[in-house]
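Student: I would like to learn how to read a protein model. Could we go through it one feature at a time?

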Amino acid sequence: MKSYDVTALGELLIDFTENGKSGQGNPLFEANPGGAPCNVLAMLSKLGHKTAFIGKVGKDFFGEQLKDAITEVGIDGSFLLMDEQVHTTLALVHTYPDGDRDFSFYRNPGADMMLTEAEIPEALIEDSKIFHFGTLSMTHEGVREATKKAIRIAEESGAIISFDPNLRPPLWNSLEEAKEQVLYGLAHCRILKISDNEVQWLTGEEDYSAGVEWINSRYQIPLVLVSMGKEGSRAYYKGNMVEAAPFLRNDTIETTGAGDTFCGCVLHYVAEHGLDDLSIDDLREMLLFANCAASLVTTKKGALRVMPTREEVDDELKSYPNDN
């Protein structure tokens with residue numbers, strides 16, 4: 001038996017999200033802890049799973065804030081490193097009226113890029129049932145090699161590998177380089193969570209099912225999840241496609257972390273049920289829970305500290321018609 005349900009590697013940063021205006025009319029920004037891999041872990045921790053994070057922040061005020069935040073939400077922060085030379089990565093998040101976002105990164109360099117191969121905790125990964133990663137830890141050579149070493153250890157130890165491209169074009173030298181690293185991720189994962197626009201960008205297919213077919217004809221990934229925002233989500237598994245409607249809300253503030261919440265719920269389901277024998281009903285149950293949880297997180301600022309509990313999601317599910 002392995003000690004950790006899910007370990008994730010990647011970026012942990014500060015999301016500066018808009019939160020009103022000052023008396024002089026200037027925008028005010030709230031320093032929310034963020035970063036996709038830790039958002040995923042925060043959801044899993046809220047659902048009772050044992051989680052750990054591998055990454056690096058600066059030895060500065062924000063780095064200390066982030067270490068406190070992940071520990072507070074139940075993520076094992078023992079493997080979080082602090083760089084004395086490079087500051088914590090920052091992101092300014094602009095939210096549009098419909099809740100969608102645009103990002104400006106302060107990361108040239110940022111501490112999350114400084115993780116090295118030698119700093120990868122092999123024993124932790126070997127002791128984890130699921131290993132999760134994205135592509136922000138693959139944008140630069142040093143941290144890219146560290147990520148690939150972690151993936152190799154996860155494969156050798158029999159962990160289920162989960163991948164979310166989480167494409168952020170401004171952080172790449174070119175989109176061709178980004179595509180090369182995304183394809184590497186596809187070749188090494190058994191669970192893929194990918195957004196609708198990422199499917200279209202990667203495959204050139206406008207139709208999501210055609211895009212997933214393009215992926216699976218090359219990589220044969222057992223479980224592919226496509227998050228479609230206001231259109232809901234889909235799961236592709238053993239030749240079947242299951243679609244679940246979204247939980248649309250009038251009280252949405254912003255969508256930061258919604259995809260990560262969804263991903264965390266999927267990994268929660270796999271951690272409890274395995275990946276080998278999921279039925280159509282299982283997939284639908286998984287998607288509805290994940291869609292509902294993602295909708296709840298859109299009603300709050302930030303994501304990492306405000307993930308919903310299992311009870312909150314279950315209560316919200318009861319309030320929707322059975323045909324949702």
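Tutor: We can start with the aromatic rings. This is a predicted model, and in it ring pairs link Phe 16, Phe 61 and Phe 62 into a cluster.

Student: How is a pair of aromatic rings described?

Tutor: Two values are used: the distance of the centres and the angle of the planes. In this structure the count comes to five aromatic pairs. For Phe 16 and Phe 62, the ring centres are 5.6 Å apart and the planes stand at 90°, so this pair is edge-to-face. The pair links distant parts of the chain, since Phe 16 belongs to strand E2 and Phe 62 to helix H2, 46 residues apart. Phe 61 and Phe 62 also form an edge-to-face pair, with 5.5 Å from centre to centre and 70° between the planes.

Student: Where do nonpolar side chains tend to be in soluble globular proteins?

Tutor: They tend to be buried together. Here the largest nonpolar core has 56 residues, and those with the most contacts inside it are Leu 12, Leu 223, Leu 225 and Met 286. Helix H9 gives the most to this core, with 11 residues. A second, separate core has 38 residues, including Phe 133 and Ile 221.

Student: What does Met 286 touch?

Tutor: Leaving out residues up to four places away in sequence, Met 286 touches Leu 223, Leu 225, Ala 235, Val 266 and Tyr 269.

Student: How many residues of helix H8 are buried?

Tutor: In H8, 12 of the 16 residues are buried, so the helix is mostly covered. Among them are Phe 262, Val 266 and Tyr 269.

Student: What span should helix H8 have?

Tutor: The rule is 1.5 Å times one less than the number of residues. For the 16 residues of H8, at positions 258–273, the span should therefore be 22 Å; the end C-alpha atoms are 23 Å apart, which agrees. After H8 comes Gly 274, with a positive phi near 80°.

Student: Which charged end sits over the ring of Tyr 4?

Tutor: The charged end of Lys 50 does, 4.6 Å from the ring centre. Likewise, Lys 179 lies over the face of Trp 201, at 5.5 Å from the ring centre.

Technical notes. Residues are numbered from 1 along each chain as its sequence is written. Side-chain values use heavy atoms; hydrogens and water are left out. Helices (H or I, at least four residues) and strands (E, at least two) are DSSP runs, numbered from the N terminus. Buried means under 20% relative accessible area, exposed over 50%, partly exposed in between (1.4 Å probe, protein chains only). A nonpolar core is a set of buried Ala, Val, Leu, Ile, Met, Phe, Trp, Tyr and Cys residues joined through side-chain atoms within 4.5 Å. Contact means heavy atoms within 4.5 Å. Rings of Phe, Tyr and Trp (its six-membered ring) pair if their centres lie within 6.5 Å; planes under 30 degrees apart count as stacked, over 60 as edge-to-face and the rest as tilted. A charge sits over a ring if NZ of Lys or CZ of Arg is within 6 Å of the ring centre and within 35 degrees of the ring normal.
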